[in-house]
2 protein chains.
Amino acid sequence: MTRLAYLGPPGTFSEEAASRYDASAELLPFATEAAVAAAVESGAADEGVLAIENSLEGSVTRTLDVLLHDSSLSIRHELVLPIEHCLIVRPGTKREQITSVHSHPQSLNQCRKYLEANFPNARQEASLSNAAAVEEILAIEDGAAIGPARAAALHGAEVLERGVQDSPHNKTRFVAVAAEDAAPTGRDKTSVAFAVAHDQPGTLVDVLHEFSDRRINLTKIESRPSREELGIYIFLIDMEGHRSDAPVAEALAAVQSKASFFRILGSYPRSDDA
Amino acid sequence: MTRLAYLGPPGTFSEEAASRYDASAELLPFATEAAVAAAVESGAADEGVLAIENSLEGSVTRTLDVLLHDSSLSIRHELVLPIEHCLIVRPGTKREQITSVHSHPQSLNQCRKYLEANFPNARQEASLSNAAAVEEILAIEDGAAIGPARAAALHGAEVLERGVQDSPHNKTRFVAVAAEDAAPTGRDKTSVAFAVAHDQPGTLVDVLHEFSDRRINLTKIESRPSREELGIYIFLIDMEGHRSDAPVAEALAAVQSKASFFRILGSYPRSDDA
């Protein structure tokens with residue numbers, strides 16, 4: 001049985017992503033993204049599942065930092081999970097009884113308009129995770145939690161309403177990481193990170209030409225400051241194609257020759273939802 | 001007196017940024033980034049201060065969404081604030097008495113290694129904001145909060161230790177927004193957002209050539225999915241120079257002619273810390 005590490009606790013969207021990735025796997029919760037990666041590197045887990053990007057909140061920088069700096073793991077799969085927040089109560093609690101709403105502050109933020117319209121007088125209480133919020137409201141009267149249906153099922157709580165997030169475009173992209181990336185399928189994607197001197201106009205254009213001249217479609221480009229040095233930026237690029245495809249392999253070799261830092265994060269089957 | 005809107009409550013890093021931007025301003029706290037922008041647009045405030053990017057957490061997407069979609073405001077200033085977290089207690093509480101640590105989950109995360117090393121047995125408690133955490137620990141015995149020194153001063157709490165964040169590279173870039181951007185100073189920066197068809201290799205290279213051919217240095221480039229349509233990406237680019245400088249003005253006009261969405265977010269004096 002595959003042992004699959006994920007960012008716990010159980011009942012989070014991360015656990016749901018891990019379970020969708022491999023329904024028969026043994027799911028192992030860890031407290032941080034770095035601990036998930038370390039578990040895979042040490043062999044305590046076979047693979048790890050990490051959130052890498054949310055459509056509303058942007059990149060998950062802790063995951064990127066682990067992939068860029070703190071591990072030698074490769075991305076071997078991507079999956080996109082719609083983030084559906086639910087209003088969760090202790091079984092039997094009615095809407096009109098609710099006097100407090102508990103969740104991770106980010107989730108409360110993502111449901112702000114819903115809460116203002118439906119529970120304008122309820123006190124908002126912060127929790128360390130959505131799953132923890134569900135545990136909290138089971139211990140009190142008249143509280144509601146915001147979180148995934150999975151957390152309600154896990155803790156025996158009741159879902160009063162589904163889809164209470166303000167934006168219908170709330171999705172998180174997760175990646176599975178392991179010692180090796182995936183073999184070509186004919187419909188793949190490759191993620192790469194590299195640094196180029198940022199104060200020379202044209203250096204980035206030069207690099208991007210390596211892709212466009214070979215008709216390689218980029219699906220994401222992002223720059224972020226390097227942790228170590230001011231003025232040095234790291235570029236993260238996702239492209240269509242497998243790193244073993246000739247045009248992709250040539251482009252990557254050319255980019256590597258121009259970069260002060262270069263790391264292929266992995267090739268993996270392209271998700272239709274990404 | 002200038003009325004300056006910011007993301008409250010008082011005692012947050014946002015308030016500190018607002019106060020550093022204009023020490024004599026009247027500071028007006030609002031509950032959301034959108035409310036800060038709405039206050040400026042309605043004339044209830046003269047300018048607003050918003051966090052736009054953190055060196056560890058990445059872009060503040062709620063601020064970008066407001067600037068891109070929900071307001072016609074322009075960026076007229078940038079300032080970079082080092083994020084120094086402090087260990088804050090009720091006056092007289094000793095380190096060895098501390099049994100719980102309270103803060104926004106993001107701040108607890110940013111101090112995870114410090115807390116593991118120094119308070120391995122303390123219970124971690126989530127708060128809606130760092131400032132709220134300070135209020136909470138004043139009401140109980142033996143609790144500590146993680147937050148800015150400003151929150152401790154505001155609420156009459158005691159700073160036991162400064163600089164307890166794990167990373168020394170924790171900085172947030174704030175922008176001041178108003179109805180108009182800033183006049184040229186000779187050392188400026190311009191922020192622009194635009195969308196180009198993302199499935200044509202070369203379109204982005206084409207656009208970037210408009211900058212590199214004119215020797216315009218880009219200081220940031222980021223792509224993010226559009227909220228409305230899958231497959232459409234919005235690019236956010238910061239460049240050196242004022243939008244009224246001839247090369248910048250020409251490049252922007254050329255980019256606009258190729259883009260399906262185009263908005264100049266503003267020109268403003270360049271910070272040495274950015």
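A word on conventions: residues count from 1 along each chain as its sequence is written, while chains are lettered from A and ligands numbered from 1 in the order in which they are written. This is a predicted model, where local features need pLDDT of at least 70 and side-chain atom pairs count only at pLDDT 80 or more, but totals for chains, interfaces and linings use all residues.

Start with the interface. 35 residues of chain B are in contact with 35 residues of chain A. Contact means that the C-beta atoms, placed from the backbone, lie within 7 Å. On the chain B side, E4 (58-59), E8 (123-126), H8 (203-212) and E13 (218-225) each give at least two residues. Here H marks a helix (DSSP run of H or I, at least four residues) and E a strand (at least two), numbered from the N terminus. E13(B) has the largest share, seven residues.

Now the symmetry. Rotate chain B by 180°, with 0.0 Å of shift along the axis, and it superposes on chain A with an RMSD of 0.0 Å. Which residue of chain B comes closest to the rotation axis? B:Glu222, with its C-alpha at 2.2 Å.

Last, the domains of chain A. Domain 1 is 3-83 + 170-177, domain 2 is 86-162 and domain 3 is 189-268. These bounds come from an automatic or database domain assignment. The C-alpha centres of domains 1 and 2 of chain A are 25 Å apart. Their contact takes ten residues from domain 1 and twelve from domain 2.

Conventions. Two residues are in contact if their C-beta atoms, placed from the backbone, lie within 7 Å. Copies are superposed by least squares on the C-alpha atoms of residues with pLDDT of at least 70 in both.
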